[in-house]
Amino acid sequence: MKEAVQLGVENYPAIQAKKNQLNSSRSYLKETRTEYLPDLNFSAQNSYGTINGQNGPLIGYRGLAVSSSGPALPEQSWNSAFGSLYLTNVNWDFFAFGRATERVKVQQRVVNRDEADLGQQQFQHKIRIAAAYLNVLAAQRLVKVQQDNLNRTLEIRRVVVARVKNGLNPGVDSSFANTEVSNAKIQLTNARQNEQEQVNQLSQYLGYTIPPADFVLDSTFVVRNPNMPNPVAAIKQEDHPVLQYYKDRIQVSDEQARYQKTFALPTFSLIGTFQGRGSGFTLAPAINTPVAHNGSYIDALNPTRFNYIIGIATSWNFTSLFRTKYQVQSQKYISLQYQDEYNLVNQQLKNQQVLAETRIGNALKNAQEAPVQIKSANDAYVQKITLYRNGLATITDFTQALYVLYRAETNNYIAYNNVWQALLFKAASTGDFDLFINNF
């Protein structure tokens with residue numbers, strides 16, 4: 001059982017998908033932590049055009065547009081020449097009322113949620129594997145019961161045919177015996193079909209297809225009860241893997257609401273630029289005189305003038321106050337939705353724990369009665385077959401005893417299996433899988 005659980009948790013595609021989702025969230029958390037760093041851009045360009053403009057420095061907010069021009073001319077000039085620009089630009093939102101910190105916190109909550117999601121997926125898959133394992137065991141035992149029943153009906157038919165041939169019983173007894181043999185064969189075929197379905201289900205949970213012959217299962221679960229049929233869970237209700245996932249969903253939503261609040265506040269930025277410029281235009285001999293130019297591209301590549309600009313900028317979209325208000329309100333309603341879903345699952349798990357106690361008690365009672373039933377049924381079967389062989393019982397009496405024995409054998413195997421199923425149900429409701437897996 002432990003090997004099957006470990007194999008399924010390692011290979012099941014849905015769990016692999018959750019692991020990749022968690023790795024993605026962790027990588028994005030690392031990226032989020034770097035977003036507080038300033039933007040540092042490098043640029044180089046060669047251009048060709050005119051130089052009509054205004055004197056004075058200019059830097060575009062958060063951009064690379066820098067202009068440090070020569071004298072302004074009294075009229076439009078279409079003289080053109082090559083030019084070059086080499087630029088380093090820094091933009092750093094150094095204060096935004098904790099916006100960068102809140103974003104990191106949001107992503108950290110997302111990582112925690114995905115970790116809880118992986119944990120609850122692994123826990124639920126362990127439960128599914130264990131349940132499928134028990135179902136395969138039960139199906140295999142039912143096949144054995146059906147095979148034993150078929151063997152007995154074949155033996156009955158042999159006895160009946162012999163007595164009919166000797167004139168000791170009516171011929172209808174052989175027809176009745178043939179009917180029972182056919183019915184036993186049909187039941188055996190159906191049992192094998194059910195076994196194959198359960199095997200396929202277990203194979204799916206293990207993450208790949210395994211031929212039925214390769215399954216060698218532990219028969220402990222169909223021949224005896226757990227060491228402790230009704231143990232106490234070692235973890236608290238709120239630490240249930242499924243509840244932990246729902247709790248982390250709430251925390252992610254609450255953190256997103258706090259993050260969204262920061263968008264209503266202004267942003268303070270540090271900006272800086274250093275540039276070098278080359279130009280194909282020469283200095284004008286006097287103000288308001290045409291500027292000489294040449295067509296040399298090589299001369300324009302060499303920077304001859306340098307400028308720098310350093311400043312602090314603030315930006316605040318005042319109307320974002322109104323938009324952010326409703327965004328935060330919407331996010332809070334999502335948190336309330338997640339809280340309601342948490343409460344629903346929490347209540348369901350509590351109800352399942354109560355039901356699990358009842359199931360364990362009833363399963364133990366049945367397991368105590370099963371050996372009594374099978375002994376009595378076997379004694380009745382031996383008695384009836386002896387009476388029939390001596391002509392003291394009818395075929396109907398004999399087949400009725402056969403059916404009672406078949407039912408008792410079935411109940412015997414299922415009774416022990418049901419105790420383990422009930423214990424597994426309690427492990428699922430309490431979130432403590434060790435209750436089941438370490439109890440044999």
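**Exercise 1. Decide whether Phe221 is buried or exposed, and then describe the ring with which it pairs**.

Solution. In this predicted model, Phe221 has a relative accessible area of 0%, and because buried means under 20% relative accessible area, Phe221 is classed as buried. Phe436 also counts as buried, with a relative accessibility of 0%.

The next step is to look at the two rings together. A search of the whole structure finds 16 aromatic pairs, and one of them joins Phe221 and Phe436, whose rings lie 6.0 Å apart from centre to centre with 15° between their planes. Planes under 30 degrees apart count as stacked, so the pair of Phe221 and Phe436 is a stacked one.

Phe221 belongs to helix α5 (residues 220-223) and Phe436 to helix α10 (residues 434-437), so their pairing ties together parts that are 215 residues apart in sequence.

**Exercise 2. Classify the geometry of the pair formed by Tyr245 and Tyr246**.

Solution. The ring centres of Tyr245 and Tyr246 are 5.6 Å apart, and their planes stand at 75°. Since planes over 60 degrees apart count as edge-to-face, the pair of Tyr245 and Tyr246 is edge-to-face. Both of these tyrosines, Tyr245 and Tyr246, are buried.

**Exercise 3. Find the aromatic cluster that contains Phe221, and list the rings that have a charged end sitting over them**.

Solution. Phe221 and Phe436 form one aromatic cluster together with Tyr133, Trp420 and Phe433. Turning to the charges, the charged end of Arg152 sits over the ring of Tyr381, at 5.9 Å from its centre, while the charged end of Arg359 sits over the ring of Phe425, at 4.6 Å from its centre.

**Exercise 4. Describe the second largest pocket by its volume and its lining**.

Solution. The volume of the second largest pocket is about 450 Å³. Its lining consists of 24 residues, and those that lie nearest its centre are Glu35, Tyr36, Asp93, Arg99 and Ala100. Sorted by class, the lining has 12 nonpolar, seven charged and five polar residues. At least two lining residues come from each of α2 (13-33), β2 (81-95) and α3 (99-165).

Terms used. Residues numbered from 1 in each chain as written. Predicted model: local features only at pLDDT ≥ 70, side-chain atom pairs only at ≥ 80, totals over all residues. Heavy atoms only, no water. 1 Å grid on protein atoms, 1.4 Å probe; cavity = no way out; pocket = protein on both sides within 12 Å on 5 of 7 lines; lining within 4 Å. Points joined across faces, edges and corners; volume = space filled by probe spheres on them. Helix = DSSP H or I, 4+ residues; strand = E, 2+ residues; numbered from the N terminus. Nonpolar A, V, L, I, M, F, W, Y, C, P; charged D, E, K, R; others polar. Phe/Tyr/Trp six-rings, centres within 6.5 Å; stacked < 30°, edge-to-face > 60°. Buried < 20%, exposed > 50% of the residue type's maximum accessible area, 1.4 Å probe, protein only. Lys NZ or Arg CZ within 6 Å of the ring centre and 35° of its normal.
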